[in-house]
Amino acid sequence: MAKKPQTSSRIADNKKAAYNYFFEERYEAGVVLQGWEVKALREGKVQLTDGYVVIRDGELFLFGCQINPLKTASTHVNPDAVRTKKLLMHKEEIRRLIGKVEQKGYTLIALNLHWKEGKVKCEVALAKGKAEHDKRDTIKDREGKREVERAMKVHHR
């Protein structure tokens, strides 16, 4: 039996998250989606830059994830690009997260959307916001790494 070629399981990344937050713990949650959203995800029509997670009544909800509908969306479906999506996790994990989020300075951030066994999953991180000087350190480290890579690239020629 022929195997399918391995496609990238990543759908979207929240690149701003690592710049703005320190990650304490990471979790994987299922995402409740409508049919047109799954089709749009397969086409890569998603933006997760401002994605964050809110806990309401013991349930997790993803805000700020924009899934743009395809032009070929069905006429009987009313697509809403910024619809709030429900996240699925075990109750005990949610209870643990509630305790952590109630502590000062912690928040839940959506890091990425990816495929796992044919289902869409969202990687959620328990995060603490960075101060301005921490962000400057991040920029300085990134610039330093670039300089080293450039020097190595020139040296290898």
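These legends accompany several close-up views of a predicted protein model.

Residues are numbered from 1 along each chain as its sequence is written, and side-chain values use heavy atoms, with hydrogens and water left out. Because the model is predicted, local features need a pLDDT of at least 70 and side-chain atom pairs count only at pLDDT 80 or more, while totals for chains, interfaces and linings use all residues.

**Figure 1. The whole protein, element by element.**
The protein has 4 helices and 9 strands. Helices (H or I, at least four residues) and strands (E, at least two) are DSSP runs, numbered from the N terminus. Along the sequence the pattern reads β-α-β-α-β-β-β-β-β-α-β-β-α. Of the 157 residues, 31% are buried. Buried means under 20% relative accessible area, exposed means over 50%, and partly exposed lies in between (1.4 Å probe, protein chains only). Among contacts with a separation of 6 or more, 69% join residues 24 or more positions apart. A contact means heavy atoms within 4.5 Å.

**Figure 2. Confidence in the model.**
The mean pLDDT is 79, and 89% of the residues score at least 70. pLDDT is the predictor's confidence in each residue, from 0 to 100. Among the elements, helix α1 (residues 15-20) has the lowest mean, 77. Strand β5 (residues 59-63) has the highest, 87.

**Figure 3. Strand β9 and its partners.**
Strand β9 covers residues 119-129 and pairs with β2 in the antiparallel sense over 9 bridges. Two strands pair if DSSP finds at least two bridges between them. Y21 has G129 of β9 as its bridge partner. Strand β8 (residues 106-116) also pairs with β9 in the antiparallel sense, over 10 bridges. β8 and β9 form a hairpin with 2 residues between them. In the turn, E117 has a positive phi of about 55°.

**Figure 4. E25 in strand β2.**
E25 is found in β2, which spans residues 21-31. Is E25 buried or exposed? E25 counts as buried because its relative accessible area is 19%. Its side chain makes a polar contact of 2.3 Å with that of Y27. Another polar contact, of 3.4 Å, joins the side chains of E25 and K100. A polar contact is a pair of N or O atoms within 3.5 Å; within protein, one must be able to donate a hydrogen and the other to accept it, and residues adjacent in sequence count only if both atoms are side-chain atoms. Beyond its neighbours within four places in sequence, E25 is in contact with R96, K100, V124, A125 and L126.

**Figure 5. The nonpolar cores.**
The largest nonpolar core has 28 residues. Such a core is a set of buried Ala, Val, Leu, Ile, Met, Phe, Trp, Tyr and Cys residues joined through side-chain atoms within 4.5 Å. L41, V46, L60, L87, L113 and C122 have the most contacts inside the largest core. Its largest share, 5 residues, comes from β8. Leaving aside neighbours within four places in sequence, V46 is in contact with I11, A12, L41, C65, Q66, I67 and L113. Apart from this core lies another, of 5 residues, including A17, I109, L111 and A127.

The structure holds 0 disulfides. A disulfide is a pair of cysteine sulfur atoms within 2.5 Å. C65 is buried, at 2% relative accessible area. C122 is buried too, at 0%.
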